Amino acid sequence: MAYKFRMPGGPTTATTGATRWVAGTHLQHIGYASNDDLTSWTFYNRMGSGTPDAIDLAYGKDASGNAIYCCTNDSSNKEVSVSTADVTDGNAWTHIDLDTGGNDQFVIKWTERSNGAAAGVWVTVGKQDSNKSYYRSIDGAANWSEISLNGITGHTTDRITALAGDGSGNWMMGQNDRIYYSTDDAASFSLVHTFTGENITKISGMAYTGATWVISYERSNDSGKTYLRSCAASDVTDWGNEFGGGDLQNYDTGNSQRTTIVAYQGRILVQPHHRFKVAYADVSGKTISNFNVVNLVSLAGTDKLKDAATDGTKWLICGQDGILLESTDSAENWSVKATGIQSGNVTDDITCIVGNVHLPL
């Protein structure tokens, strides 16, 4: 893709981006729309049977390098669903039973693999419980390996909702006040940093953009707020000053308990799940600037916001009752793009959304 680049402190627009957007619902449906008309969506049954929530959705590649989508589900035996190479064919997706424990996977990501293999790397993680592990695929989401996290110092059974990769073999994961890091395409992780004495109780979201890692988290002494920190890719142990709090609430209670961070060329959108206020900022290494909170309640009404995505040109937020919000100025100003996007079932919440662009941006 060809992009215009953003100077520090200013917004950017991309010359090319997504041609299609795909969304998952509170029930069993998956939908798609052309980038040219986000008011016209086609939905179909992704499950074949059963009606589990779609939790998270990602765009990546199969073993041959064809474009596919993977969705995590609130299901004990179909934790991950995989599309065909044609997401518009209307066929039920292929479902993967990751383990016998039925642990929900709250976040799923794909990036290029460091050796250039066509399939890249898929990683998903979520509930830990007695299974302290994550799941990885290097054959295009056909087969998944369970990889234990038991050996990591301080690791607990608390859920993990923060995961990102840089597309060059490095991955990051956050749990509670700890940062786990991988330099081998997510084949293994180790503890690289603990925010000791800083009251951080849960790292809730994560992204990589412009040689920068950024996280969202909550603090025990201010648990109702979302905070941000960032670090340079060159030193994942050295994190900058804290931003956030104030009007930026923490995620609402619910199944996933996470925050979506989407990014393009150093501009980030922070969207705590099931809330109405979002934030945008610029990140560069340890520095966060231009932090602002945007209250979207006047647009969303009572429809809580559930996920976000960007291709660098369009920034989208989806939510309850099929609401879709759009920004074309790097997440600063928003409008209602569509409501009830699943025609005939306007109360089916849209829980996750992604464009057909490969991360990170």
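Predicted model: local features only at pLDDT ≥ 70, side-chain atom pairs only at ≥ 80, totals over all residues.

**Aromatic pairs and enclosed spaces**

Author: The count comes to nine aromatic pairs, where rings of Phe, Tyr and Trp (its six-membered ring) pair if their centres lie within 6.5 Å, and where planes under 30 degrees apart are stacked, over 60 edge-to-face and the rest tilted.

Reader: Why is the pair of Tyr181 and Trp213 called edge-to-face?

Author: The ring centres of Tyr181 and Trp213 are 6.0 Å apart and the planes stand at 85 degrees, so the pair is edge-to-face.

Residues are numbered from 1 along each chain as its sequence is written, and side-chain values use heavy atoms, with hydrogens and water left out.

Reader: What makes Trp213 buried?

Author: Its relative accessible area is 0%, and buried means under 20%, exposed over 50% and partly exposed in between (1.4 Å probe, protein chains only). Tyr181, at 12%, is buried as well.

Reader: Why is the pair of Phe243 and Phe291 called tilted?

Author: The centres of Phe243 and Phe291 lie 6.4 Å apart with the planes at 55 degrees, so the pair is tilted. Phe243 is partly exposed at a relative accessible area of 29%, and Phe291 is partly exposed at 22%.

Reader: How do you know that Arg219 lies over the face of Tyr227?

Author: Arg219 is at 4.1 Å from the ring centre of Tyr227, and the rule asks for NZ of Lys or CZ of Arg within 6 Å of the ring centre and within 35 degrees of the ring normal.

Reader: What makes a space a cavity?

Author: On a 1 Å grid over the protein atoms alone, a cavity is a set of points where a 1.4 Å probe fits but cannot get out, and lining residues have an atom within 4 Å of a point. The search finds one cavity of 30 Å³ or more, and the largest cavity has a volume of about 480 Å³, a volume being the space filled by probe spheres set on grid points joined across faces, edges and corners. Among the 34 residues that line the largest cavity, Lys109, Met206, Ile261, Val262 and Leu359 are closest to its centre.

Technical notes
1 Å grid on protein atoms, 1.4 Å probe; cavity = no way out; pocket = protein on both sides within 12 Å on 5 of 7 lines; lining within 4 Å.
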